Amino acid sequence: MAVRLILSDIDGCITPEESAAWDWEHFSRFVGLVREASAERSTLAPMTLCTGRPQPYVEALMKVLDVRFASICESGAILYSLHDNCSRLSPEITPERVRGLQALRNHIVTEVFPDFPGLVYQFGKEAQISLYCEQPACFPEVERRVAAFAATVPNLDVVITPSHLYLNIDLPGVTKGGAIRKLLGDLGISRDEAAGMGDTLGDLSIREEVGFFACPSNAVEALKRVADYVSPYPNIEGMLDILGRPELHRG
Ligand SMILES: [Mg+2]
């Protein structure tokens with residue numbers, strides 16, 4: 001069955017996870033391929049984004065790539081469409097749970113940060129907390145302290161997932177996979193007509209919702225084991241390799 005939509009993670013796939021300048025030569029080739037697919041000038045299926053990044057970051061990248069389908073932001077908490085400039089919160093996100101997350105954020109910034117000087121709070125998110133650190137060895141201890149405080153906040157359950165350099169704190173039931181299921185349902189696209197790419201544990205839920213899943217060589221082992229194709233190349237070079245796969249093309 002021909003793939004009608006490709007859902008791709010951003011960090012560790014299209015762009016480096018490190019806070020560094022992008023590989024422009026490969027990135028510009030990638031932009032060309034994705035734009036041609038969006039305009040139906042090639043056999044490649046169109047692409048949209050499925051990421052932990054906040055909506056404003058995703059919006060900018062959607063404009064660069066000419067993404068015409070809704071994109072998934074904040075690991076499934078927000079669905080954003082460019083044509084009407086509209087962000088929609090996942091139904092699991094209630095005002096009470098958002099207030100709980102705000103209390104958790106305040107605790108992290110005032111009580112946890114002083115003990116971990118390399119830890120950075122990622123601004124711009126509505127319903128997810130992401131912490132960045134170039135020395136992720138601190139994550140297990142940070143995770144323990146975040147979980148201990150979250151347990152004291154009424155009606156706040158959280159799911160904590162590390163990627164390479166980020167610690168993501170999500171509300172339960174909010175996943176990339178859940179948002180993909182809703183998006184595909186709205187579009188009338190079946191699981192077998194969807195493909196996905198990712199590199200870290202948070203992308204396992206992408207794998208579950210698509211018929212074909214691929215990852216670059218820098219992906220974590222647990223994801224490589226369940227992928228249909230693992231590129232021998234890392235990051236954006238791996239993505240260019242994956243876009244050449246026949247499974248992602250019509251006819
Ligand atoms: Mg990633």
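The model is predicted: local features need pLDDT of at least 70, side-chain atom pairs count only at pLDDT 80 or more, and totals for chains, interfaces and linings use all residues. Residues are numbered from 1 along each chain as its sequence is written. The protein has eight helices and twelve strands; helices (H or I, at least four residues) and strands (E, at least two) are DSSP runs, numbered from the N terminus. The radius of gyration of the protein is 18 Å, close to the 18 Å that the globule rule gives for 251 residues, so the protein is as compact as a globular protein of that length. That radius is taken over C-alpha atoms, and the globule rule is 2.2 Å times the number of residues to the power 0.38.

**Overall dimensions and packing**

- The C-alpha trace of the protein spans about 55 × 35 × 30 Å along its principal axes.
- Of the 251 residues, 41% count as buried. A residue is buried if 20 or more other C-beta atoms lie within 10 Å of its own, exposed if 12 or fewer, and partly exposed in between, with C-beta atoms placed from the backbone.
- Among the contacts with a separation of 6 or more, 57% are between residues 24 or more positions apart. Two residues are in contact if their C-beta atoms, placed from the backbone, lie within 7 Å.

**The parallel sheet**

- Five strands make up an open sheet with parallel pairing, in the order E2-E1-E10-E11-E12. Two strands pair if DSSP finds at least two bridges between them.
- E2 and strand E12 (229-230) stand at the edges with a single partner strand each, so one side of each is left without a neighbour in the sheet.
- Strand E11 (residues 212-215) and E12 run parallel and are joined by two bridges.
- Within this pair, Cys215 stands opposite Val230 in E12.

**The antiparallel sheet**

- A second open sheet has four strands in the order E6-E7-E9-E8, and its pairing is antiparallel.
- Its edge strands are strand E6 (120-121) and strand E8 (159-162), each of which pairs on one side only.
- E6 is joined to strand E7 (residues 129-132) by two bridges, and the two run antiparallel. Val120 stands opposite Tyr132 in E7.
- E7 also pairs with strand E9 (residues 166-170), in the antiparallel sense over four bridges. Here Tyr132 stands opposite Tyr166 in E9.

**Packing of H1 and H8**

- The axes of H1 and helix H8 (residues 235-243) come within 9 Å and cross at roughly 30°. Axes are lines fitted to C-alpha atoms, for helices over the stretch in contact, and angles run from 0 to 180 degrees between N-to-C directions.
- H1 and H8 are therefore roughly parallel to each other. Angles under 35 degrees count as roughly parallel, over 145 as roughly antiparallel, 65 to 115 as roughly perpendicular and the rest as oblique.
- H1 passes H8 in a left-handed crossing. A crossing is left-handed if the near helix is turned anticlockwise from the far one by less than a right angle, and right-handed if clockwise.
- His26, Phe27, Arg29, Phe30 and Leu33 of H1 make the contact with Ile236, Glu237, Met239, Leu240 and Leu243 of H8.

**Two helix residues**

- Gly32 is found in helix H1 and is exposed, with 12 other C-beta atoms within 10 Å.
- Gly32 and Ile180 are 148 residues apart along the chain, and their C-alpha atoms are separated by 25 Å.
- Leu223 lies in helix H7 (residues 221-226) and is buried, with 20 other C-beta atoms within 10 Å.
- The C-alpha atom of Leu223 is separated by 6.4 Å from that of Leu204, 19 residues apart along the chain.
- Not counting residues up to four places away in sequence, Leu223 touches Gly198, Asp199, Asp203, Leu204 and Cys215.

**Positive phi outside glycine**

- Glu40 has phi near 55°, a positive value in a residue other than glycine. Glu40 is placed in the loop between helix H1 (24-38) and strand E2 (47-49), and it counts as exposed, with 11 C-beta neighbours inside 10 Å.
- Asn85 is not a glycine either, yet has a positive phi of about 55°. Asn85 lies in the loop between strand E4 (78-81) and strand E5 (86-89), and it is exposed, with 8 other C-beta atoms within 10 Å.
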